[in-house]
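Subject: Structure handover

Hello,

Here is the structure I promised you. Please open it and keep it beside this email as you read.

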Amino acid sequence: MSSNDTTKTPVTTGRPEAIQAVPVRHPGRWVSGVIILVIVVLMIRSVATNKNFEWGVVGDYLFDDSILQGLLKTLYLTVISMVIGVVLGVILAVMRLSKNPLVSSASWFYIWVFRGTPLLVQIIFWFNLSALYKVITFGTPFISLNANDFITPFLAGMLALGLNEGAYMSEIVRAGILSVDEGQQEASSALGMSRLQTMRRIILPQAMRVIVPPTGNETISMLKNTALVSVIAVPELLYSAQIIYSRTYATIPLLIVASIWYLVITSIMSFGQYYLERYYARGSTRNLPETPIQKLKRVLTSNRRQPPPPTPPSSEMHLPGSLGGLR
C-alpha cells in the first residue's frame, strides 16, 4: 500500500433525539378534586333522601298550567322591559355624551334618580301613581285616561322594570361608545357623515363587543327581577307559585318549582349570550373562544394517552472523496 493511499473513515452526524416531555404531576389537584366530589355526592344524597323536599309534589306542579302561564308572563315581561331599557339606554347614553350641558345634565339626573332608588320602591310607586294623578292626559286635551284603569299591575311593573333598566343600560352603552377610538368619528366626519349616521353605522357596531356581555347579564338579572312584581299581584312565575302554596301549604316544593324554571331559562340565556359574544368577537381577536362542544372534544382527546413521537432516523453524511472509505 502506497503512502498516498490513506484510509478515511466516514464522518457520521446524527440528529439529536426528540425530547420526551413528561407532564408535571399535581397531586394537590387530585386531592382537592376528590374532596369536592365527596362533598357534592353527600349534598346530592342529602337532598335526594330528605322527604321534607317532597319531590313528588315538585314533579306534580312542575308542568302545571298556572305555573306555565306564570312562566310565559315572566318571559313576556322580561322581553318588553329589556326592549324599553335598551332603547332608552341608547338614547340616554347619546344624551350623556352630548356637548349640550342641558341635555347631558337631564340624562345624568335621570340616571341618578333611577339608579339611586330601590327597584321595589319604584314598582310600588308606579302602582300607586293614581294617588298623584287621577287623570292622565299626556299634556294634550285630546287624551283623558283614568289612572286607576290605565295603570294596571302589569303596566306598572313593566314601566318600573323598563325605566329602571334604562338607567343601567345607558352606562353600559356609554362605556361601549367610549371604547371606540376617537379617530373613527373623526374619519367619518371627514367623509361627510352626520353624527347620527356615524353613531348608527360606525360607533355602535364596534361598541357591541363591549356592550353585549353586560347586556346579557342585565337580561338575566331582569328575568329574576320580575319576581319583585309579585308584590303588586302580577301573575308571573313566583306569584303563580305563591297562589298554589297558599292553598296547598306546600311552600318549599312550589319554591323549588319556581327555582327550577328560573335556572332553566337563565341557562338558556347564558348559552345564547355565549354565542352572541363569540359572534361580535370576530375581527377583534384572531382566535375565537371555543364553543362548549369544542371544549368537550378537547378535554376528551387530551385525556387519551398520546403515543410518543417517532424518533427520527439518524443520517450519515460522507465527506466528499471518502465514498464509503474505499481503499
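**Around S240**

S240 touches S66, I67, G70 and P235, leaving aside residues up to four places away in sequence. Keep in mind that this is a predicted model.

Where does S240 lie? It lies in helix α10, which covers residues 237-248. Is S240 buried or exposed? Its relative accessibility is 9%. Buried means under 20%, so S240 counts as buried.

Now look at the side chain of S240. One of its polar atoms lies 2.8 Å from the backbone oxygen of E236. The backbone oxygen of S66 lies 3.5 Å from a polar atom of that side chain. S66 is also among the residues that S240 touches.

One more pair to find: S230 and S240. They are 10 residues apart in sequence. In space, they are 8.8 Å apart, C-alpha to C-alpha.

Next, turn to another part of the model. Two packed helices are described by the angle between their axes and the distance between the axes.

Helix α4 spans residues 101-116, and helix α7 spans residues 153-178. Their axes come within 9 Å and cross at roughly 120°. The two helices are therefore oblique to each other. The crossing of α4 past α7 is left-handed.

Which residues make the contact? From α4, they are Y110, I111, F114 and R115. From α7, they are L163, N164, A167, Y168, S170 and E171. By class, this contact of α4 with α7 has 6 nonpolar, 2 polar and 2 charged residues.

Best wishes

Note on methods:
Residues are numbered from 1 along each chain as its sequence is written. This is a predicted model: local features need pLDDT of at least 70, side-chain atom pairs count only at pLDDT 80 or more; totals for chains, interfaces and linings use all residues. Side-chain values use heavy atoms; hydrogens and water are left out. Helices (H or I, at least four residues) and strands (E, at least two) are DSSP runs, numbered from the N terminus. Buried means under 20% relative accessible area, exposed over 50%, partly exposed in between (1.4 Å probe, protein chains only). Contact means heavy atoms within 4.5 Å. A polar contact is a pair of N or O atoms within 3.5 Å; within protein, one must be able to donate a hydrogen and the other to accept it, and residues adjacent in sequence count only if both atoms are side-chain atoms. Axes are lines fitted to C-alpha atoms, for helices over the stretch in contact, and angles run from 0 to 180 degrees between N-to-C directions. Angles under 35 degrees count as roughly parallel, over 145 as roughly antiparallel, 65 to 115 as roughly perpendicular and the rest as oblique. A crossing is left-handed if the near helix is turned anticlockwise from the far one by less than a right angle, and right-handed if clockwise. Ala, Val, Leu, Ile, Met, Phe, Trp, Tyr, Cys and Pro count as nonpolar, Asp, Glu, Lys and Arg as charged, and the others, Gly among them, as polar.
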